[in-house]
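User: I would like to go through some labels attached to this model and see what each one rests on. Please set the values against the cut-offs.

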Amino acid sequence: MNFKTDHQIVLASASPRRKELFSTLGVPFDVVTSNVEETTVQAENLRDYVREVALLKARDVAKREAGKTIIGADTIVAFENSLLHKPKTEEEAISHLLKLSNRHHQVMTAVVIISPDRKEETFVEVTNVHFKNIPLELIKAYVQTGDPFDKAGGYGIQTDGVLFVDRIEGDYNTVVGLPIASLFEKLIALDIIKF
């Protein structure tokens with residue numbers, strides 16, 4: 001479907017997956033990535049953490065893109081109240097996946113909408129992901145593909161990581177990185193896009 005907008009929309013994300021999901025709305029938009037250091041964020045809980053990171057990224061882009069509507073997002077994987085960042089080494093990727101094997105975890109995606117008058121709307125979507133029991137050899141083979149290294153938790157549900165998933169409770173697109181149905185509702189409610 002194609003919707004209308006009289007806003008200049010900027011997606012503040014380098015993620016090709018978010019770009020692809022946002023494209024489903026059929027409205028024109030630009031992509032501008034932030035230059036912030038996410039590790040500076042402190043928060044009392046993981047829901048607040050992911051929201052603060054998304055705000056940090058969106059605000060950074062908003063400073064450079066005056067008069068435009070900015071949409072930012074951040075996705076984290078939470079396992080037993082701890083954060084599983086994007087792995088930096090093969091060992092860390094294997095460790096992440098061994099932790100998740102035969103257990104469930106949460107994927108949280110925070111979305112920020114900054115309007116041209118700098119009003120901010122945020123929301124956080126949470127999806128529970130249940131993993132199958134994954135043999136170590138399969139984990140090692142997956143890590144060898146290089147796929148885990150740009151993904152929170154060390155797997156991509158939209159790539160070969162889907163082979164590890166037993167079931168999910170919630171929005172699949174939250175796990176991919178942009179809960180597009182909820183974002184669509186917000187954009188309609190804020191009169192940023194129209195039928």
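User: Why is Gln 42 called exposed?

Analyst: In this predicted model, Gln 42 has a relative accessible area of 69%. Exposed means over 50%, so Gln 42 is exposed. Gln 42 lies in the loop between strand E2 (29-31) and helix H2 (46-64).

User: What makes Asp 74 buried or exposed?

Analyst: The relative accessible area of Asp 74 is 6%. The cut-off for buried is under 20%, therefore Asp 74 counts as buried. Asp 74 is found in strand E3 (residues 69-79). Leaving aside neighbours within four places in sequence, Asp 74 is in contact with several residues, among them Arg 18, Glu 38, Lys 57 and Met 108. An unreviewed UniProt entry annotates Asp 74 as "active site"; such annotations may be inferred rather than shown by experiment.

User: How do you know that the side chains of Asp 74 and Lys 57 make a polar contact?

Analyst: The contact joining the two side chains, Asp 74 and Lys 57, is 2.9 Å. The limit for such a pair of N or O atoms is 3.5 Å, so the distance qualifies.

User: Why is the aromatic pair of Phe 3 and Phe 184 called tilted?

Analyst: The count comes to seven aromatic pairs. For Phe 3 and Phe 184, the centres are 5.0 Å apart and the planes are at 45°. Ring centres must lie within 6.5 Å, and planes under 30 degrees apart are stacked while those over 60 are edge-to-face, so this pair is tilted. Phe 3 is in the segment before strand E1 (9-12), Phe 184 in helix H6 (residues 180-189), 181 residues apart.

Methods. Residues are numbered from 1 along each chain as its sequence is written. This is a predicted model: local features need pLDDT of at least 70, side-chain atom pairs count only at pLDDT 80 or more; totals for chains, interfaces and linings use all residues. Side-chain values use heavy atoms; hydrogens and water are left out. Helices (H or I, at least four residues) and strands (E, at least two) are DSSP runs, numbered from the N terminus. Buried means under 20% relative accessible area, exposed over 50%, partly exposed in between (1.4 Å probe, protein chains only). Contact means heavy atoms within 4.5 Å. A polar contact is a pair of N or O atoms within 3.5 Å; within protein, one must be able to donate a hydrogen and the other to accept it, and residues adjacent in sequence count only if both atoms are side-chain atoms. Rings of Phe, Tyr and Trp (its six-membered ring) pair if their centres lie within 6.5 Å; planes under 30 degrees apart count as stacked, over 60 as edge-to-face and the rest as tilted.
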